[in-house]
Amino acid sequence: MTQTVAVLGTGKIGEALLSGMIRGGWPASKLLVTARRSDRAEELRTRYGVEAVSNAEAAKRADTLILTVKPQDMAKLLEELAPHVPADRLVISGAAGIPTSFFEERLAPGTPVVRVMTNTPALVDEAMSVISAGSHATAGHLAHTEEIFGGVGKTLRVPESQQDAATALSGSGPAYFYFLVEAMTDAGILLGLPRAQAHDLIVQAAIGAAVMLRDSGEHPVKLREAVTSPAGTTINAIVELERHGVRAALIAALEAARDRSRELASGNS
């Protein structure tokens, strides 16, 4: 925590990282932020006591740069940063679909780059951040990245070849659960429950199921079987889910998300 870290393009995820680092003991004096709008920069400065600077200034002063801009804005940002980033700077990318080679080709030779795919539960310190090393990143760089992202949830190291799959499964994963909760809430209304009650029932069921999956160590099949009694209500529902191809639809959906991540990596917007 003696190093200076800059968060560039501080949107929701960037701010979640910033606040998580401060809660984890990182001194505000060691944190820099950049933002496209001056009012946003002032908001972050006032809220967290950090210094708001330009992208070039951040590149010159910080030991670690965390790039949280949108994938389509990354090339322009790197063009701006390249003259100011020496080869000993650690560059962490949070952009979906962009490989570490994209950064290595545009920055000084030997620049260490780490690719991270996190997700929006970072806003409540329950993120899953998947971390991969570029060609010049060391074990120390990965540990430093874990220290930063560990403040907003869990971390997992994977080979970069698995990042597109991780993006489909974990990066986009919360959206699938929200979609499922939305559908189940509508079903509850159809069955006669008020919307608020249906929502509360489903959300608590989701929380309870997630905690059991995390803490029991049991395979999800075993946990599902424990709820599924012979000739009962649950098995009838599951038969309908299978009849409508829900399992196959989920698999196809994740394959589509992975393929889109690959398209982004190839430069197809």
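Me: Which residues does the UniProt annotation "domain: Pyrroline-5-carboxylate reductase catalytic N-terminal" cover?

Reply: That annotation, from an unreviewed UniProt entry, covers residues 4–97. Keep in mind that the model is predicted. Over residues 4–97 the chain is 40% helix and 18% strand, with 27 Å between the end C-alpha atoms.

Me: Now the whole protein chain, please. How many helices and strands are there?

Reply: The protein chain has 12 helices and eight strands. Its C-alpha trace spans about 70 × 40 × 35 Å along the principal axes. As for burial, 36% of the 269 residues are buried. The accessible surface is about 14900 Å², and carbon and sulfur atoms account for 59% of that.

Me: How should I read contacts along the sequence? What share join residues at least 24 apart?

Reply: Start with contacts between residues at least 6 apart in sequence; of these, 64% join residues at least 24 apart.

Me: Let me try a single residue. Is S93 buried or exposed?

Reply: Buried means under 20% relative accessible area. S93 has a relative accessible area of 0%, so S93 is buried. You will find S93 in strand 5, which runs over residues 90–93.

Me: Which residues does S93 touch, leaving out those up to four places away in sequence?

Reply: With those left out, S93 touches L67, M74, F103, V114, R115 and V116.

Me: On to pockets. What is the general idea?

Reply: Picture rolling a probe the size of a water molecule over the atoms: this shows where empty space is left. In this structure, the second largest pocket holds about 1000 Å³ of space.

Me: How many residues line the second largest pocket, and which lie nearest its centre?

Reply: The lining has 36 residues, and G9, T68, V69, K70 and D73 are the ones nearest the centre. By class, the lining is made up of 12 nonpolar, 16 polar and eight charged residues.

Me: Which helices each supply at least two residues of that lining?

Reply: Look at helix 1 (12–23), helix 4 (74–81) and helix 7 (163–171). Helix 1 gives the most to the lining of the second largest pocket, namely four residues.

How values were computed. Residues numbered from 1 in each chain as written. Predicted model: local features only at pLDDT ≥ 70, side-chain atom pairs only at ≥ 80, totals over all residues. Heavy atoms only, no water. 1 Å grid on protein atoms, 1.4 Å probe; cavity = no way out; pocket = protein on both sides within 12 Å on 5 of 7 lines; lining within 4 Å. Points joined across faces, edges and corners; volume = space filled by probe spheres on them. Nonpolar A, V, L, I, M, F, W, Y, C, P; charged D, E, K, R; others polar. UniProt positions renumbered as here; feature names shortened; annotations may be inferred. Buried < 20%, exposed > 50% of the residue type's maximum accessible area, 1.4 Å probe, protein only. Contact = heavy atoms within 4.5 Å. Areas by Shrake-Rupley, 256 points an atom, 1.4 Å probe, with all protein chains shown as cover.
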